[in-house]
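The exercises below go through one protein model, each with a worked solution. Try each task on the structure before reading on.

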Amino acid sequence: MIHAHRARAKRPHVLDRPGKDGRTPSQRVKDHFTQQPEKPYDWDTYFHSDVKDALYAVFGPKCAYCEGKYAAFHAMIVEHFRPKGEVLEEDGMRLRPGYFWLAVDWDNLLASCIDCNSWRYHELDTGERIRRGKANRFPLSDPTKRARAPGDDDEAYRLLIDPTRDDPAQFLCFTDRGIVRPRQTHDSERQRRAEVSIDVFGLDRPELVDRRRDLAILVLDRIEEVRFYARLCEDYPNDIRFAAKKEQALAKLAELTHESAEFSALARDLVRERGFLPPP
C-alpha cells in the first residue's frame, strides 16, 4: 500500500448530477434511508464509468490496498472505505444501514481488487484456511462512537489505514520474503492500526505473499546489478561504458519503485534498507 493523491482526479460530475426528479444522488440516498430504511436501495451511481476513470487516475491499475494489478485479471471493484449498506462488527453483529450518506461521496471511494474487497477464505500451505478481506468491515477503536447518521463523525476512532489520507509507509513494512509487518514504532496506536489493516485488507493472504516474494527476488537482483557496475566504475573511473551501465541499472531499479509499479511499497522498502532511498 502506498499513499495515493486524490487530487490527481477531479470529483466526477456524475456524483452530483441531478436526476429527473431534481435530486442529486446523495439526496436520493439520504431520503431513502431516512424515510424507508427497511426497503432495498438500487445502488447505481457510484460504479458509473466516470467514477472508475477518476479512480484509475488516482490509483492506476492497482488495488488501493494490496497494490496488486487487478486490471490483468478482472474489472475494478469500486470500494467504499466506510461501508454503505451495513457494517459488520468484529463480534459478528451487523449494523444496518451502514454509512449510507457516504455511498456517493468521492472521498469514500477507492479502487480495489476482488480479494481485498471480499471477506473470504484463503488456504495456507499447511491446509489451514484463513478468512481475509474487507467486505463490510470497518473497525473502530471504540465501536460505541460509530457514526450512524449524516453529520456524525468517527474519524478519530478509525483503525484502518486510508491510503488517500495516511502515508502507509509510516505504518507498514515488507521483508525480502514478501511478508508485510507493522513498522516498528513506540506509538502503540499506530502499531494497532497497522495490525488491524493487515488483517482486514488481507495483506497477509498466502497468494499475495508469494507474488510479493517473486518481486523481492527481482528487486534484489537489480540492486546487485547496480552494485556490480558501481564497483566497476570505482575500479575503472575513466571507462564511460561502466558508468552508462550503472545508470541503466539504476533506471531499471527505479521502475520497480515507481508508484505505478505493482507492489512498489515492498520494492521501496528493500531499496531503502540497502541505502538507495531515504527512510520513510
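This is a predicted model: local features need pLDDT of at least 70, side-chain atom pairs count only at pLDDT 80 or more; totals for chains, interfaces and linings use all residues.

**Exercise 1. State how many helices and strands the protein chain has, and describe its overall extent.**

Solution. Start with the secondary structure: the chain has 7 helices and 8 strands. Next take the C-alpha trace, which spans about 80 × 40 × 35 Å along its principal axes. Then turn to burial: of the 280 residues, 47% are buried. Last, look at contacts with a separation of 6 or more: 63% of them are between residues 24 or more positions apart.

**Exercise 2. Find which residues touch the most other members of the largest nonpolar core, and which elements contribute to this core.**

Solution. The core holds 72 residues, and Leu 55, Leu 172 and Val 219 touch the most other members. Elements giving two or more residues to the core include helix 1 (25-35), helix 2 (49-59), strand 4 (109-112) and helix 5 (206-235). Helix 5 provides the largest share, 9 residues. For the surroundings of Leu 55, set aside residues up to four places away in sequence; the residues it touches then include Arg 6, Met 76, Trp 106 and Leu 110. As background, nonpolar side chains tend to be buried together in soluble globular proteins.

**Exercise 3. Check the length of helix 6 and decide where its buried residues lie.**

Solution. First, the length. At 1.5 Å a residue, the 18 residues of helix 6 should span 26 Å, and the end C-alpha atoms are 26 Å apart, so the two values agree. Second, the buried residues: these are Phe 242, Ala 249, Leu 253, Leu 256 and Thr 257. Seen down the axis of helix 6, they fall within an arc of 95°, and therefore line one face of the helix. Third, the other side, where Ile 240, Arg 241 and Glu 255 are exposed. Finally, helix 5 and helix 7 are among what covers the buried residues of helix 6.

**Exercise 4. Describe the pairing of strand 5 and strand 6, and the side chains along strand 6.**

Solution. Strand 5 (residues 120-123) and strand 6 run antiparallel and are joined by 4 bridges. In this pairing His 122 stands opposite Ile 130. Along strand 6 (residues 129-132) the side chains alternate.

**Exercise 5. Classify the ring pair of Phe 81 and Phe 138, then the ring pair of Tyr 236 and Phe 242.**

Solution. The structure holds 8 aromatic pairs. For Phe 81 and Phe 138, the ring centres are 5.2 Å apart and the planes are at 85°, so this pair is edge-to-face. Phe 81 is in the loop between strand 1 (77-80) and strand 2 (87-88), and Phe 138 is in the loop between strand 6 and strand 7, 57 residues apart. Both residues, Phe 81 and Phe 138, are buried. For Tyr 236 and Phe 242, the centres are 5.8 Å apart and the planes are at 50°, so this pair is tilted. At 47% relative accessibility Tyr 236 is partly exposed, while Phe 242, at 19%, is buried.

**Exercise 6. Where is Glu 67, and what is its phi?**

Solution. Glu 67 lies in the loop between helix 2 and strand 1. Its phi is near 70°, a positive value in a residue other than glycine. Its relative accessibility is 2%, so Glu 67 counts as buried.

Definitions and conventions:
Residues are numbered from 1 along each chain as its sequence is written. Side-chain values use heavy atoms; hydrogens and water are left out. A nonpolar core is a set of buried Ala, Val, Leu, Ile, Met, Phe, Trp, Tyr and Cys residues joined through side-chain atoms within 4.5 Å. Buried means under 20% relative accessible area, exposed over 50%, partly exposed in between (1.4 Å probe, protein chains only). Contact means heavy atoms within 4.5 Å. Two strands pair if DSSP finds at least two bridges between them. The expected span of a helix is 1.5 Å times one less than its number of residues. The arc is that of the directions from the helix axis to the C-beta atoms. Rings of Phe, Tyr and Trp (its six-membered ring) pair if their centres lie within 6.5 Å; planes under 30 degrees apart count as stacked, over 60 as edge-to-face and the rest as tilted.
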